[in-house]
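Biologist: I've got a fold on my screen and would like to talk through how its pieces pack. Can you walk me through some of it?

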Amino acid sequence: MNVGGVSLNLEDVERDELEVDVLVVGAGPAGLATAIQLKRLLTQAGKAEASLLVLEKAEEVGYHVLSGAVMDPKGMQELFPDWREKGCPVESPVTFDCVDYLKRNGTKRRLTGMLVPPPLQNHGNSIVSLYRVVRWLKEQAEALGIDVYPGFAGASVNYDGRRVTGVQTRDAGIDKHGAKKAQFQPGMNVKAKVTVFAEGTRGSLAKGLVAKLGLDAGKNHQLYETGIKEIWRIPEARAKELTGSVIHTLGAPLGTSGYGGGWIYGLSENRLSIGYVVGLDHPDVKLDPHALFTQWKQHAEVAALLAGGELLRYGAKTIPGGGYFAMPKLYGDGFVLVGDSGGFVNMSRLKGIHLGLKSGLLAAEAIAEALAKDDTSERQLASYAARFEASWARDELYRVRNFRQAFQSGFFT
């Protein structure tokens, strides 16, 4: 490449190489759960010296995680049976849930109690700030001696034939034309016996891996949603009434023409987590999820909750909603997929944290066994998929295997 008289051939750049036993790409719930459980298992097996490295593309762990979520404690309970005593941050237990059907005239119809669809009944679950949970998981990982490096984004996957041998991290100090700046720093090659892809939905490395190795062959097409989320601070009196509340909304502004709806979660510290999710398979190619979110906030019932408040944070993420039959092959020579990268989301419940944590636990068991046998081949790592098929995670996802597909033409059609 020659830009402005500056020649840059990235193939000729000299790169440092770091070799570890296991590399985890992504410091979200699934990736950190994998690392934590794997470290425990290796220590129990007398292999505490095995090296684990977690790379996170965000400047700090948690910066790419949006706050405000309802967590089924099942996965956390398995990872840390004493998670409450250890101080895992919880905003509030769920004390009230309902479904509001928002009408275009600014009114609503509310369903409560037994009228709330079973998948959206949340008593026994906890409202959490996922940012704070991930930060806490990072602390637990580092206390075990696991290296967690934020600010290192993966640029490409390294292969030896069809075997994944690690990743190359992104170069720093390149301008928009592709030319070196004075502070150019080449990325490094991280070599690993096993690479865990925990990048979230359609991660930049995982999507290339799936395509290159045909991990989605014979699977249903994955379906995606965009969720837009904001954190608000609202007047104290109203916030106290809403703390612990989980409100899901249907109806306006999307109506019944597509898959989507809103949520309102009452957090601590006078905050609300609000958001709107829209299926990206909507037949209107001009549909704008962000515009729908704005219209939703302007509905009289939602606007009344936000009145006098201030916006603290905002963001958006995609969600893999295709279900059990859209999950890619979860393993191969030298790698596994966990969390959203593997499609571990229950769209009927709008939940994935507990499934992401469970995928990390299952992957850790398979990797520990593979390292003990000094065999990280596809054949050996297939035990991860076998463990998943025998788990409650598979049972949960299989029960709702075609849920999302049923709404590809919208609600009530």
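Predicted model: local features only at pLDDT ≥ 70, side-chain atom pairs only at ≥ 80, totals over all residues.

Biologist: Let's start with α1 and α3. How do their axes run relative to each other, roughly parallel or roughly antiparallel?

Modeller: The axes of α1 (residues 29-44) and α3 (residues 130-143) come within 10 Å and cross at roughly 20°. Angles under 35 degrees count as roughly parallel. So α1 and α3 are roughly parallel.

Biologist: Which residues of α1 meet α3?

Modeller: On the α3 side, the partners are Leu130, Val134, Leu137, Lys138, Gln140 and Ala141. By class, the contact of α1 with α3 has 7 nonpolar, 1 polar and 1 charged residues. From α1, the residues that meet α3 are Pro29, Leu32 and Ile36.

Biologist: And α1 with α8: is that crossing left-handed or right-handed?

Modeller: Here the axes come within 7 Å and cross at roughly 40°. Among the α1 residues that meet α8 are Ala33, Gln37 and Leu41, and the α8 side includes Gly360, Ala364 and Ile367. The contact of α1 with α8 divides into 13 nonpolar, 5 polar and 1 charged residues. As for its hand, the crossing is right-handed.

Biologist: How do α8 and α9 run, roughly parallel or roughly antiparallel?

Modeller: Their axes come within 8 Å, with a crossing of roughly 150°. Angles over 145 degrees count as roughly antiparallel. That makes α8 and α9 roughly antiparallel.

Biologist: How far apart are the end C-alpha atoms of α9?

Modeller: α9 (residues 378-389) has 12 residues, and at 1.5 Å a residue they should span 16 Å. The value in the model agrees with that: the end C-alpha atoms are 17 Å apart.

Biologist: Which residues of α9 are buried?

Modeller: What covers them includes β21 (331-332), β22 (335-337), α8 (353-372) and α10 (392-399). In the contact with α8, the α9 residues are Gln380, Leu381, Ser383, Tyr384, Arg387 and Phe388. The buried ones in α9 are Gln380, Leu381, Ser383, Tyr384, Ala385 and Phe388.

Biologist: Last one, away from the helices. Is Thr226 buried or exposed?

Modeller: Thr226 sits in strand β16 (residues 224-233). Leaving out residues up to four places away in sequence, Thr226 touches Tyr276, Val277, Val278, Leu280, Pro289, Lys317 and Thr318. Its relative accessibility is 13%, and the cut-off for buried is under 20%. Therefore Thr226 counts as buried.

Terms used:
Residues numbered from 1 in each chain as written. Heavy atoms only, no water. Axes fitted to C-alpha atoms, helices over the stretch in contact; angles between N-to-C directions. Helix = DSSP H or I, 4+ residues; strand = E, 2+ residues; numbered from the N terminus. Parallel < 35°, antiparallel > 145°, perpendicular 65-115°, else oblique. Contact = heavy atoms within 4.5 Å. Nonpolar A, V, L, I, M, F, W, Y, C, P; charged D, E, K, R; others polar. Expected span 1.5 Å × (residues − 1). Buried < 20%, exposed > 50% of the residue type's maximum accessible area, 1.4 Å probe, protein only. Left-handed = near helix turned anticlockwise from the far one by under 90°.
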